[in-house]
Amino acid sequence: QKPEPKFVSVDSFSRTGGGKGVHATIRGNEWDVALDETAGSWVCANADFARSVSVEQGQYARLCFEMNRLPDGDGNFHDHATPQFRLCGRDESGKIVFGDWRVPMRKRGGWAFRTDGDPETWEPVCVELDAKSLPGEMRQVIAIAVQFQMMPAEHSGLAFRGIRLEEAVGE
């Protein structure tokens, strides 16, 4: 039996931001990224961690969380653009370091991850990390960002909770 991975959780955020049409908020350990009708393709949102996460090269294999759809301004749930994620951090000297964008993929079929149509359920998501998405010079992870690819005309935002970095186990 494979042992459970060790992980470090991001249990609180200090602030959020985003581009045109993004309304990001924090509710406890949940990061909500609501999108209004002016949000277009490739718009981004970010959330700064209240406490940074120390990292060493190759220490973490996955970024995991739960994801759910948010309603639009009229309370309707629509499809969402494909989200991609990146970690932001600092090197030993304090210089900002960005990881590459990563799209969460389904294990079978290779299609980009989508939430289901039920706003009551949360979908588990894991994004594989490598030397480009978690660069070797990064010593502290300080934030997460999401970018929405190819926005549909009618769209919903997304909510995220349970964000954690999982260590590699027997890999």
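Modeller: A cavity is a set of grid points where a 1.4 Å probe fits but cannot get out. Please keep in mind that this is a predicted model.

Colleague: How much space lies in the largest cavity?
Modeller: A search of the whole structure finds 1 cavity of 30 Å³ or more. Its lining consists of Leu63, Phe85, Arg86, Leu87, Asp100, Arg102, Val127, Leu129 and Ser133, and these residues divide into 5 nonpolar, 1 polar and 3 charged. The space in this largest cavity comes to about 50 Å³.

Colleague: Which element gives the most to the lining of the largest cavity?
Modeller: Among the lining residues are Phe85, Arg86 and Leu87, and strand E7 spans residues 82-90. With 3 residues, the element that gives the most to this lining is E7.

Colleague: How many charged residues are in the lining of the second largest pocket?
Modeller: The second largest pocket, with about 160 Å³ of space, is lined by Leu35, Asp36, Glu37, Asp72, Gly73, Asp74, His78, Ala153, Glu154 and His155. Asp and Glu count as charged, whereas Gly counts as polar. The lining therefore divides into 2 nonpolar and 3 polar residues, with the charged ones numbering 5.

Colleague: Which residues touch the most other members of the largest nonpolar core?
Modeller: This core has 36 residues, and those touching the most other members are Trp31, Leu63 and Phe160. At least two residues of the core come from each of several strands, including E4 (30-35), E6 (60-69) and E11 (158-167). Leaving out residues up to four places away in sequence, Phe160 touches Asn29, Glu30, Trp31, Val33, Phe65, Glu66, Met67, Phe85, Trp122 and Val146.

Colleague: Which residue in the turn between E3 and E4 has a positive phi?
Modeller: E3 and E4 pair in the antiparallel sense over 6 bridges, and Thr25 stands opposite Asp32 in E4. The two strands form a hairpin with 2 residues between them, and the turn residue with a positive phi, of about 65 degrees, is Gly28.

Colleague: Is Arg139 buried, partly exposed or exposed?
Modeller: Arg139 is found in the loop between E9 and E10, and, apart from neighbours within four places in sequence, its contacts include Val53, Gln57, Arg90 and Glu92. Buried would require under 20% relative accessible area and exposed over 50%. Because the relative accessible area of Arg139 is 22%, this residue is partly exposed.

Key: Residues numbered from 1 in each chain as written. Predicted model: local features only at pLDDT ≥ 70, side-chain atom pairs only at ≥ 80, totals over all residues. Heavy atoms only, no water. 1 Å grid on protein atoms, 1.4 Å probe; cavity = no way out; pocket = protein on both sides within 12 Å on 5 of 7 lines; lining within 4 Å. Points joined across faces, edges and corners; volume = space filled by probe spheres on them. Core = buried A, V, L, I, M, F, W, Y, C linked by side-chain atoms within 4.5 Å. Buried < 20%, exposed > 50% of the residue type's maximum accessible area, 1.4 Å probe, protein only. Helix = DSSP H or I, 4+ residues; strand = E, 2+ residues; numbered from the N terminus. Contact = heavy atoms within 4.5 Å. Pairing = 2+ DSSP bridges.
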